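Here is a short briefing for a first look at this structure. Keep the model open while you read.

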Amino acid sequence: MRGRFHLARGGGFALDVDFTAPATGLTGVFGPSGSGKTTLLRCVAGLERAPGGLLEVGGEVWQDEARGRFLPAHRRRVGYVFQEAGLFAHLSVRRNLEYGWRRTAAAERRVRFDEAVDWLGLGALLPRGPAALSGGERQRVAVARALLASPRLLLMDEPLAALDAAAREEILPYLERLHASLSIPVLYVSHAAAELLRLADHLLLLSAGRLRAAGSVAEVSTRLDLLPWAPEAELGVVVEARVAGHDDGFDLTYLDFAGGRLSLPRHAAAPGSRQRVRVLARDVSLALERPERTSVLNVFPARITEIGEIGDGSGTGGAAAGAGGGRQPLVKLDAGGATLLAQITRKSLVTLELRPGQPVYAVVKGVALLL
Amino acid sequence: MSSGDLEPLWLTLRLAGVTTPLLLAVGTPLAWWLSRTASRLRSPIEAMVALPLVLPPTVLGFYLLLLLGPHGSVGAAWRALGLDPPVFSFSGLVIGSVLYSLPFVVQPLQGAFESVGRLPLEVAATLRAGPLDRFATVAVPLARRGFLSAATIGFAHTLGEFGVVLMIGGNIPGRTRVVSIAIYDHVERLEYAQAHRLSLGMLLFSFAALWAVYALNRRDALQARPPWQAGPPRRPASGGGAREP
């Protein structure tokens, strides 16, 4: 998927983005409000027309203004989940779900009606009217309705932003399951970093209408020059891991990631399942030799790749707030291919004479499963 | 009621019955366009549509008479087609009524379309519905209250028309003499009993029609509310539910 949009708006805002996104997986579009995330999504959907725009999805050209090509939204085969569910108030849940499904030729349908109803747990809601649903239920109907039109690309514009925390927690597992079972690419707009760390495989970082960075979540979220990439995101990394097994004797769960085997307090995750693990920078300390006789279970050999600083300079709070006001060194590590961040004091940096390329041991004091 | 009064009554109902569908046919696309457009023509056209609200009907009737008469441009075109110019005829009444009642149809429809908002139509577009499809399956059903108001008020307003009808229709029994004109005639001839019968009938019918519109609107509005606002508040803390008695 490739796109290029330039769109000037009133009030000095202009979207000027040239991006590519992988053909599978969930690509998070992140940025502060007013950075152009929604406008970008609307351009992709064809709800907004950027003069001179270009958009190619899965080898199909949807828009190429240089050649006079612009497919209107209803011919683009996108699914769009809006911030407000936008259910048709005059139709029952079932008729809402059928709306796009009926307009999709039988040969093009890739999702069975019952399948979508199952995935999003809507069986009991079918005869109801939208007014009788909770916010979370409405949004689940909206997601199923979009999927039933068998889109080639699913666009989600802050689908959780209008929900309260409880409804958000209710719907996230559905989204995670979808993410695992969907074969189509998803563009997911959010200004909540935690949501994207949980769901996204790739990130597009927008600010002031421009693309600041693009790449895998691990890559973008640990780029020292971008930190803090999200003011409210705690400094850290997300690591992909596989559940290796449980230890009944010690009540532990073991997870394998690129850098070795993690031990966590016992968790219900099924052995063999893929999980995301969050490792915060302040929970990682460094040692030059493998610490012996320590209570910390998670110690991994690593190599320093970069040393940066994080501090209160930008004044955006969040990551800097825990640093007590001063600037603190942030060390980026490569542990067998996985990236870790360690937040240390300048005193340690100097006394240990840390420098890029140096082998160290990452001592991980806290790990959290993201599920 | 004398047979002389049944004739204008029947003519009036026929006029309103023909005018109302025409009003909806003309008013719906116009209201839709007005509710969606960013064009600079929007304001002048809104003002033109609203003119009958403020103009004396005789002004509108006078210009229609000139336009539709044998020497007017429309009347001449009519004649070129081998037809009689539409003045002093039923078709003239229909044309006059459509123009005169247009704001009463366009304004509720435009308001209803505006309150449908952009979101449901954009959702429908991403669910593969083309422009006409979305209009018919989303905009119209969601604006149904507006259609109901527009049709009822358009119908009732046409029933009560006087000035325009008199100017371009004259007062030809069986052809252009509608109830309002018949009432005027009765009063002129001091036939107050007949005038009363027709007037009271008009009054009651108009009141019933308007009452029905307001009652249906109110019921619809109650139904459209989220359940926690329609009944006793279930979640008093969530705001909006609890109201002071």
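Two residues are in contact if their C-beta atoms, placed from the backbone, lie within 7 Å. By that rule, five residues of domain 1 of chain A are in contact with five residues of domain 2 of chain A. The model is predicted.

**Domains of chain A**

- On the side of domain 1 of chain A that touches domain 2 of chain A, helix 6 (193-199) and helix 7 (217-221) of chain A each supply at least two residues.
- Helix 7 of chain A gives the most to that side, with three residues.
- By class, that side of domain 1 of chain A has three nonpolar residues, one polar and one charged.

**Where chain A meets chain B**

- Here 21 residues of chain A are in contact with 16 residues of chain B.
- Strand 7 (78-81) and helix 2 (93-102) of chain A each supply at least two residues of the side of chain A that touches chain B.
- Strand 7 of chain A has the largest share of that side, with three residues.
- The residues on that side of chain A divide into twelve nonpolar, six polar and three charged.

**The largest nonpolar core**

- In soluble globular proteins, nonpolar side chains tend to be buried together.
- The largest nonpolar core in this model has 147 residues.
- V141(A), A144(A), L155(A), L340(A) and A362(A) touch the most other members of this core.
- Helix 5 (residues 90-116) of chain B gives the most to the core, with twelve residues.
- Domain 1 (2-221) and domain 2 (236-369) of chain A both give residues to this core, so the core lies between them.
- Leaving out residues up to four places away in sequence, V141(A) touches A85(A), L87(A), V93(A), N96(A), L97(A), L122(A), L125(A) and L133(A).

**Chain B**

- Chain B has twelve helices and zero strands.
- From the N terminus on, its elements run α-α-α-α-α-α-α-α-α-α-α-α.
- Chain B has 245 residues, and 34% of them count as buried.
- Take the contacts in chain B between residues at least 6 apart in sequence: 70% of these join residues at least 24 apart.

Terms used
Residues numbered from 1 in each chain as written. Chains lettered and ligands numbered in written order. Predicted model: local features only at pLDDT ≥ 70, side-chain atom pairs only at ≥ 80, totals over all residues. Helix = DSSP H or I, 4+ residues; strand = E, 2+ residues; numbered from the N terminus. Nonpolar A, V, L, I, M, F, W, Y, C, P; charged D, E, K, R; others polar. Core = buried A, V, L, I, M, F, W, Y, C linked by C-beta atoms within 7 Å. Buried ≥ 20, exposed ≤ 12 C-beta atoms within 10 Å, placed from the backbone. Domains from an automatic or database assignment.
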